[in-house]
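These entries record what I looked up in one structure, in the order in which I took the topics.

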Amino acid sequence: MDFLCEIVQVLVALAALGFIVVLILAHATAGMVNLTRHEKEKYFLTTSGEKERCPSLHDPHSRELSVVVPAYNEELRMPVMLDEATEYLENRQKQNPSFTYEVIVVDDGSKDKTTEVALRYTRKYGADKVRVLTLVQNRGKGGAVRMGIMSSRGKVILMADADGATKFSDIDKVEAGLKVLSPKPENMAISCGSRAHLEKESVAQRSVFRTFLMYGFHFLVWFFCVRGIRDTQCGFKLFTREAALKTFSSLHVERWAFDVELLYIAQCFKIPIAEVAVNWTEIEGSKLVPFWSWLQMGRDLIFIRLRYITGAWKLESPNKTD
């Protein structure tokens, strides 16, 4: 009996030591919010080769809607999404001439012709409607989304994946979700597209291993960061301008787990969040490598919480930066 007690004590001591090591590691490796831009990233590209300076999210809105599309090596998949989005937006403008929009394609340091493909839409619809921001080097999806959001002019801002997995017309659903929240008096609200209603069907099609990874990820999200949101990773989220400024000003994670930190920040600021079911289809060509990407995201989830607990990361007040 004494021997068992000693083993338990040793295991508890090792677990405590391991936790302290992870805590120190999380604190020591924490990076600060990086809002700095390379000189070339301060301008949108135009078809004529002229530079147009990026506006700031701190400025008052001048469009009803901004659509931010992060794109990394998406020359093949992006045209389908942009065709669907621009067709919807143009039809909406015809029905309601007072409706104004912009689509911002953020090329996240692609090695293919993503920028050239996006500029075709600039030529077709005009540089005021379709804007292309090309990053000098790859920042990661979260970093690309933030750069686009911080350069947007919309009263509300939608982030949408370049693969077109979510039906674009479902923006009507997330807009309705935003209105239900009645974002007053500070006009803070976020409406998230969700695939949670498709989970049973996806489990039936996945291997046991991938299903295990999925549920493991969901548990870590719930345990460490975000509660009450069943699908944090759907790339179809709508923000009021004020909520976008408040959350993206504090965002640190620039890779796949950035959605989780974003919603964690929103919940810390008590920003109301709606979760709305959307139509979603899996598109071939995903950049997500199942095992390693989920492993990285799992590590990021643990580190997100620990870095805020230790004070390595803090919730920032939005300050106007260049």
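Entry 1, terms and source. I searched a 1 Å grid over the protein atoms alone: a pocket is an open set of points with protein on both sides within 12 Å along at least five of seven lines, a cavity is a set of points where a 1.4 Å probe fits but cannot get out, and lining residues have an atom within 4 Å of a point. Grid points are joined across faces, edges and corners, and a volume is the space filled by probe spheres set on the points. The model is predicted, with local features needing pLDDT of at least 70 and side-chain atom pairs counting only at pLDDT 80 or more, while totals for chains, interfaces and linings use all residues. Residues are numbered from 1 along each chain as its sequence is written, and side-chain values use heavy atoms, with hydrogens and water left out.

I noted a volume of about 360 Å³ for the second largest pocket. Its lining has 15 residues, and E64, K155, V156, L178 and K179 lie nearest the centre. At least two lining residues come from each of β3 (63–71), β6 (154–160), α5 (171–180) and β8 (236–240); helices (H or I, at least four residues) and strands (E, at least two) are DSSP runs, numbered from the N terminus. The most is given by α5, with three residues. By class I recorded six nonpolar, four polar and five charged residues in this lining. Here Ala, Val, Leu, Ile, Met, Phe, Trp, Tyr, Cys and Pro count as nonpolar, Asp, Glu, Lys and Arg as charged, and the others, Gly among them, as polar.

I searched the whole structure and found one cavity of 30 Å³ or more. The largest cavity has a volume of about 30 Å³. I listed F44, L45, T46, E52, T122, A127, V130 and R131 as its lining. Two or more of these residues come from each of the elements β1 (43–45) and β5. The lining comprises four nonpolar, two polar and two charged residues.

Entry 4, strand β5. Is this strand enclosed or open? I found four of the five residues of β5 (residues 130–134) buried, so the strand is largely enclosed by the rest of the structure. Buried means under 20% relative accessible area, exposed over 50%, and partly exposed in between (1.4 Å probe, protein chains only). Strand β4 (residues 101–107) pairs with β5 in the parallel sense over five bridges, where pairing requires at least two DSSP bridges between two strands. I104 stands opposite R131 in β5. Between β4 and β5 the chain passes through helix α3 (residues 114–125), and this β-α-β crossover is right-handed; that is, with the strands pointing away from the viewer, the path from the first strand over the helix to the second runs clockwise.

How many disulfides does the structure hold? I found zero, a disulfide being a pair of cysteine sulfur atoms within 2.5 Å. The sulfur of C192 has its closest cysteine sulfur in C234, at 8.4 Å, too far for a bond. C192 counts as buried, at 0% relative accessibility. For C225, the closest cysteine sulfur is that of C268, at 9.3 Å, which is also too far for a bond. C225 is buried, with a relative accessible area of 7%.

I found nine of the 11 residues of α9 (residues 258–268) buried. Just after α9, K270 takes a positive phi of about 60°.
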